[in-house]
Amino acid sequence: MKGGSMTPDGSTFSGPMTVAVVGAGTIGASWAALFLARGLTVRISDPDPAAEASARRLITEAWPALTRLGLAPGADPASWTFHTDLREAARGADLVQENGPEREEVKRALFAALEEAVGDDTIIASSTSGLIMSRLQAGMRVPGRFVIGHPFNPPHLIPLVEVVGGQQTDEQAIARLTAFYTALGKRPIRLHAERPGHLANRLQAALWREAVNAVATGLASVEDVDAAIAHGPGLRWALMGPNAIFDLAGGPGGMKHFLDHLGPAMESWWADLGTPQLTEDTRRRLVEGTAEAVGGGSHAERVEQRDRLLLALVEMLARERGGERPGSEQTGAEQPAT
């Protein structure tokens, strides 16, 4: 990318770096806060002038948590500008993180406009949570620079980001974007095929399908369905994935013993899983049950609680695993690769 040079392994970016964040909603503002915490200069674009105040509030609210996790030297929460014209925001940027509405026609229009403003070597990453990049990049002037970089909400706290290329995406662009996210302190995973919803959302959808089925068939209340996860396997999932968990469940024999011992039972459970439909009755059960389960706290209060607990969990895991705090190794002179 423009504005600096990469080391031979592609892991660092030297010199000042500017990132354009297109879309100033919850995801875009969270990305912007993370970029600022890593010492980058940010230009935020949104067609709604009122989004500037909203972005400022979200960045301000995120900054104490990012400070606890570790700031790059010289990181400045005010090192950003707001633009209603996305071409103005993107012009000269070293990387673009697009967070527009989750509609194919809207994103394709954004991509076309961005191509008018950025250099041919500038990567345009999309935060799309489920669209297919091959369809989004089709017909673009430089299709090889478009990559999906899908974060999990809130991006400034949750490390995961899914990196997915389209049929015309250059492998070098995927490698450069992966190195960029890694240097930010993220945990990127590379997906080798395109699927609606990518990977993590599909895993979430599979679990929620059975959660909905449990409510719809009267197996359990919404509150108890959520408790079954939050006070059970969800605690283990914060530590390791399902394959590693079942490998431990197999004892010294590992996954082989688990499959030999519990594989047939697991297959019988798969065969019995439900395929619920979101009928009016099911929707009513979910809405009413969720309202009862979450209590009377406001949305803002529940978001604050979620982020506070996430921060404590991220800090604890980093400490117990002996790793560096996310981003603590970054310096103003040596920025993430792009």
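The buried residues of α1 are G28, A29, S30, W31, A32, A33, L34, F35, L36 and A37. The helix is thus named here from a predicted model, and α1 is mostly covered, with ten of its twelve residues buried. From its first C-alpha to its last, α1 reaches 17 Å, close to the 16 Å expected at 1.5 Å a residue. Just after α1, G39 takes a positive phi of about 85°.

The largest nonpolar core holds 36 residues, and F35, I44, F180 and Y181 touch the most other members. At least two residues of this core come from each of β2 (18-22), α1 (26-37), β3 (41-45), α2 (51-69), β4 (80-83), β6 (123-126), β8 (160-165) and α6 (171-184). The most is given by α1, with eight residues.

Two packed helices are described by the angle between their axes and the distance between the axes. For α10 (residues 242-249) and α11 (residues 254-272), the angle is about 100° and the axes are 7 Å apart. Since angles of 65 to 115 degrees count as roughly perpendicular, α10 and α11 are therefore roughly perpendicular to each other. On the α10 side, N243, F246, D247 and A249 take part, and they meet G254, M255, F258 and M266 in α11. By class, this contact of α10 with α11 has five nonpolar, two polar and one charged residues.

A cis peptide bond joins N153 and P154, with omega about 0°; P154 is placed in the loop between β7 (146-151) and β8. The other detail concerns H198, which has a positive phi of about 60° although it is not a glycine. H198 lies in the loop between β9 (187-191) and α7 (200-216). Is this residue buried or exposed, given its relative accessible area? With a relative accessible area of 5%, H198 is buried, as the cut-off for buried is under 20%.

Conventions
Residues numbered from 1 in each chain as written. Predicted model: local features only at pLDDT ≥ 70, side-chain atom pairs only at ≥ 80, totals over all residues. Heavy atoms only, no water. Core = buried A, V, L, I, M, F, W, Y, C linked by side-chain atoms within 4.5 Å. Buried < 20%, exposed > 50% of the residue type's maximum accessible area, 1.4 Å probe, protein only. Helix = DSSP H or I, 4+ residues; strand = E, 2+ residues; numbered from the N terminus. Expected span 1.5 Å × (residues − 1). Axes fitted to C-alpha atoms, helices over the stretch in contact; angles between N-to-C directions. Parallel < 35°, antiparallel > 145°, perpendicular 65-115°, else oblique. Contact = heavy atoms within 4.5 Å. Nonpolar A, V, L, I, M, F, W, Y, C, P; charged D, E, K, R; others polar.
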